[in-house]
Each structure stands twice: as C-alpha cells, then as structure tokens.
Amino acid sequence: MKRDNVIEVKDLYKSYGKTEVLKGVSFNVERGSMLALLGPNGAGKTTTVRILSTLLDHEQGTVTVEGHDVTQDADKVRSVIGLTGQSAAVDELLTGRENLVMMGRLYRLTKDSANTRADELLKDFDLVKAGDRPAKTYSGGMRRRLDLAVSLIATPPVIFLDEPTTGLDPRSRLTMWEIIKKLMSNGTTILLTTQYLEEADQLADQIIVIDGGKVIAEGTAKELKSKVGKDRLELTFASASALEKAAAALGKKVTDTNDKEYTLTVVIEDTNSDVRKVLDALNDRKIQLVSMAVHKPTLDDVFLSLTGKQAKTAQADEPTDKIAKKKKGKK
Amino acid sequence: MAQALEFEKKPRIVQEFTDSLIMIKRSSRHILRNTDQLLGAFFQPIMFLVLFASVFGGAIGKALPPGVSYLNFLMAGIIVQSVAFGSTTTAIAVCNDLQKGIVDRFRSLPMSNLAVLNGHVISDIFRNTISTTIMIIVGFIMGFRTQANFVEWLAIIGILLLFTLAFSWLSAIIGVLSKTVEAVQWLTFVIVFPLTFASSTFAPTENMNRFLKAFAENQPITHVVEAVRALMLGEPIGNHAWWAVVWCLITLVISIPIAAFLFKRHTAK
C-alpha cells in the first residue's frame, strides 16, 4: 500500500536576502500522525510553517498539502489547514465567541454552523465563562486556548502548531498538551514546531531535528534516543573521600565524576542487574550512599550529540538538564 | 463533533463580498469598543469648531466678503479638515493589525485579502459620519445657517463621502508602510496638516503669497472645501465640484490597488 502523506516537502530552500534560512529541507507527514519539528531559535522552524501555510513564498523545492501545491493552489491549501502561530493571533477587542464565529465565517462556514461550532469549542476549551468577554481580558493560557480553538473552527484536517506552548507556565502547558493529544485522537494531521524536547517526546509520532536550516536527524523519539545510547545511574555521596573510594571500586564503569557535588555517573546496560551490582560493590566496601537516580537518555542528549549545542528545556530544574550541562562542560 | 459542518456554496465573488461585510462588522465593533477613540471622535470636532470660530472668527472674518459670517465660511473647511485627520484611524487600525499577527491568521484563511482593508476603510466612514454629524449639529447651535436645499445637501453628503473614502484609502497605504503606530501619527500629520492648512479651509486664499496661493487654489482639498462651501452658502460653485470628484476618483483608482498590493506583499517577504 502506498503511504498516505498529507504533507510533502521536498528540497525546500528559502533565503532572506543573503541569509539562507532553509537549505534543502525534506520531510513527509502521514495522515493522522504528528510530526514535530524540533530545533533551537532561528533553526528555520517558523519559516517552514509559514511556507506550508501559504504565508511565505519559497525559492526552490515543492511543498504540497493534501495534494495541493502551496504556491499554485494557495486557496485550496488554506481551506484544509488551521494555523496557530507563536503570538496568539486573536482579535483582542472582540469576545472569544465573536472571534470564533468571525473566523468560522471566513472559513466559509454557514452562520448556523459557525455558531454551533463556536459553542462546542468554548466548551471543549474551558472558555464558556469567558466566552462573552473581550479577548484582551484573557490570561496567556486562555488566549492560547482561544487561538487554538479558532484554528479548529472549521475542523480542518491539517493543523500547524507553531510553538504552541512557548512562554506558557507549566500548568497551562500541560493543559495545552492534553488538548493537543485529544486532537490527535480525532485523526487530525499535525505539524508541531517546538524548542522543548519533552514536548516533542510527549506528543509526536515522528521527530525531525533541524538546525541551521537543515534536517540533522529524524525518527521516532525512541529511535533518536537509541542513537545516544544507554541508561545512566547517578550516585551522590556524603564526602570527597567516599566519592574517591566509590570511583575506585566501580572502576571503568564510571563515565563522569563531580568533585563539588560528590556525584558520579555510571553507564548501565541492564537496569535491573547492573544497579544491583553497583550497589553490592558499594556495600562490600561500606561506602555510604546519599542518593541515587536512574536517567533514561533524553532528547536533550540527542540534541547535544547532534549539534554540540544544548537545547532549551521546559523545566530548567529537571535532572536531564543537569546531565546535559555536565556533558557540555566536559567537552 | 456533534454534527457535520455546513459550508457556504456561493459563487466566489459573493463570498468575497461577504468577507468584506464580516470585516466591516469587525472594524465597526472595534470603533464602538475603543472608548478612547470614540470620545475623541465625539469631542474633537466640537473642540475644533468652537476654538476656530471664536479665536479666528474676529480676525479672518474681516477678510471675508461682506455678509458672510466666519462660522458659515468655516463650516465646510472644518468638516473637511476633521475628515482628513479622522482618516488617520484607518492607518492606525491597519498598522495595528499588521503588527499583532492577526493578519497572518487572515492570510492563512481562504478569504479575500482586500476584505481586511475594506473593513477598516468602510468602518472609518461610519465613524467620520458620526463626527461630521456632531459638528454640523453644534454648528447649527452656534449660529451656522445654510442656504442648501435637499438636493444640495445630497450633493454635499456625496462629495464628503467620496472624499472620506479617498482619504481613508490613502491612509491605508500609510498604515501598511508604517512600522509603528507612532510612525503613522507623524506621517499622517506631515501629510494632512499642510494639505488642510495650505488651502481655503480656514481662511480665504487672497492674502496668501503668490506661490502658496497658486498651490492652495489648485490642490484637491481646496476644491472639496470650496464645493461644499458653495453648496452650503448658495454661492456659485464653478468647477470646484467637478474637480473635487475627479481628484477623489483619481486618488481612489491609484490608492486602492497600491494599498492592496502593499498589504499582500507586507508579510509575504
């Protein structure tokens, strides 16, 4: 069976004056799946989305959405897509409901359909109470929800989410993730851009890592992670001498030591048996352990090993972040 | 989803007309909800009329032909001036839209591109109509008297509407070209201020120096002001009405495509 690709991008080039922003980007998005474009600021994510949603021209390459070429059949593309941009593009002086109905009408919905759908979306997005207030009175999270609701008003089969959670507080981010997951279960095809690794990890079926206008890696979150390898065990001790003894006891397995925090990292092949072995070794020598933690490889590590740069994480105080920083320090 | 959505299946041209109506509704709501602007639209004409009539009335009145009161002379000019300044709101509205990313959303919809501009321009006419009506009412209270009959009033309204439309489209161009709302304000000021003052808006042109006089007597605003003034005061209208209409039409024919082109280009760079 032929693969059913909703979005097809081939050899896409785009430059602003002399600055090349996209240097030959290609990817496909299968029907009903979510692809995440993951990359740091300035990687070309937003430019790609703007080209795909007919807002920008491109110099080279072909881009089709539902079989329609974005330059030749822009209007056909527009009728099958919904776009949620970085800055919540809602009309601040209109109420939430008015925004929804207006956009629905501009999508060519009949008045009845636009009104019914607006009610549905206000309910789904927990905006019923705020529905008749001007959007300028909304909080950041509410505004994003309204923005996303607006792009769903005509239930387009393809949705572009351009950094939907950038700048949101953790709770609003979780709410957005729930909403996006629900969307996916409805069979909508989604292209998401993000600089947050957890976001791509949590939501996307396929991930494309782009940097400097080029695709530098692609695959599922699992595939990308397997490229960087094994689980790691981080052990913390009470003193420098304990750390020293432990390092000696564990020998070659130690990949990283931190003299200031009295921690060391051990690579483990099999979580079950290797952790036991390490603990047994410490126990034999009566070395006191303060704490331990097992770390799965994260997309952070993937990103770091691919680009040599550190990606942004959503929660800066997460342990994954600490490891990435240490690794960078070592390089 | 509870039920299947229904889409309009009207011909494209009808759809695009509907798009404009939707955007007019949007922009009109903006005007009604922007309280500061609304207060301005209400009080500015009253302030201008009262100040000009009382400050310049005595001095300029002496230069007028006998029997013409300054208030009667001023009325046409101050209405035109207020419309010209008032059209700045189109530029501000267009500039705001472009900056706030909502235009990206509109451009990603299967709608007519021109509808956004149509919305702002047409709703600007509503606002200007309110301002002008207030001005005329206050004028009557202050002692303004007109010789115009019903048909002449229709002609006055027609010329003023055409002028508002032309100026709002010009203003839309400024709105697209300006990067900030501040830029809109000084740009329109630099254009509108000389145009309205170097004309017969506030004073007869007879006493101006030769160059200024030549400019003032032939520029579009003077024709519009003179046409409206002649109709109001029952004076001979000469060619002013024709020139006023021709100037407005020329402005429209040039500025609509330019504004539309620039608007389309703006984000598609």
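Predicted model: local features only at pLDDT ≥ 70, side-chain atom pairs only at ≥ 80, totals over all residues.
Which residue is the bridge partner of Val254(A) in strand 13 of chain A? The partner is Val266(A).

## Domains of chain A

Chain A is divided into two parts, domain 1 covering residues 5–222 and domain 2 covering residues 227–330. Taken over C-alpha atoms, the centres of domain 1 and domain 2 of chain A are separated by 38 Å.

Strands of a sheet pair through backbone hydrogen bonds, in either a parallel or an antiparallel manner.

Strand 4 of chain A, residues 60–65, is joined to strand 5 of chain A by two bridges, and these strands run antiparallel. Within strand 5 of chain A, Asp69(A) is the residue that stands opposite Thr64(A).

Four bridges connect strand 12 (residues 254–258) and strand 13 (residues 263–268) of chain A, which pair in the antiparallel sense. The bridge between Val254(A) and Val266(A) links to strand 13 of chain A. These strands form a hairpin with four residues between them, and in this hairpin Tyr262(A) takes a positive phi near 55°.

## Where chain A meets chain B

The two chains touch through 30 residues of chain A and 25 residues of chain B. On the side of chain A that touches chain B, the elements giving two or more residues are helix 2 (74–80), strand 6 (81–84), helix 3 (96–106) and helix 4 (111–124) of chain A. Helix 4 of chain A provides the largest share, four residues. By class, the residues on this side of chain A comprise 13 nonpolar, eight polar and nine charged.

One helix pair spans the two chains: the axes of helix 3 of chain A and helix 1 of chain B come within 10 Å and cross at roughly 165°. An angle over 145 degrees counts as roughly antiparallel, and helix 3 of chain A and helix 1 of chain B are therefore roughly antiparallel to each other. Their crossing is left-handed. Met102(A), Arg105(A) and Leu106(A) in helix 3 of chain A meet Asp19(B), Ile22(B) and Arg26(B) in helix 1 of chain B. The residues of this contact divide into three nonpolar and three charged, with no polar residue.

## Helix packing within chain B

Helix 1 (residues 12–33) of chain B also packs with helix 6 (residues 114–142) of chain B, their axes coming within 7 Å and crossing at roughly 50°. Helix 1 and helix 6 of chain B are therefore oblique to each other, and their crossing is right-handed. Among the residues of helix 1 of chain B in this contact are Asp19(B), Met23(B), Ile24(B) and Arg26(B), while those of helix 6 of chain B include Val116(B), His120(B), Ile122(B) and Phe126(B). The contact contains seven nonpolar, seven polar and four charged residues.

Helix 4 (residues 88–99) and helix 8 (residues 181–197) of chain B pack at an angle of about 155°, with their axes 9 Å apart. That angle makes helix 4 of chain B roughly antiparallel to helix 8 of chain B, and the crossing of these helices is right-handed. Thr88(B), Ala91(B), Ile92(B), Cys95(B) and Asn96(B) in helix 4 of chain B meet Val181(B), Val184(B) and Thr188(B) in helix 8 of chain B. Five nonpolar and three polar residues make up this contact, with no charged residues.

Key: Residues numbered from 1 in each chain as written. Chains lettered and ligands numbered in written order. Pairing = 2+ DSSP bridges. Contact = placed C-beta atoms within 7 Å. Nonpolar A, V, L, I, M, F, W, Y, C, P; charged D, E, K, R; others polar. Axes fitted to C-alpha atoms, helices over the stretch in contact; angles between N-to-C directions. Parallel < 35°, antiparallel > 145°, perpendicular 65-115°, else oblique. Left-handed = near helix turned anticlockwise from the far one by under 90°. Domains from an automatic or database assignment.
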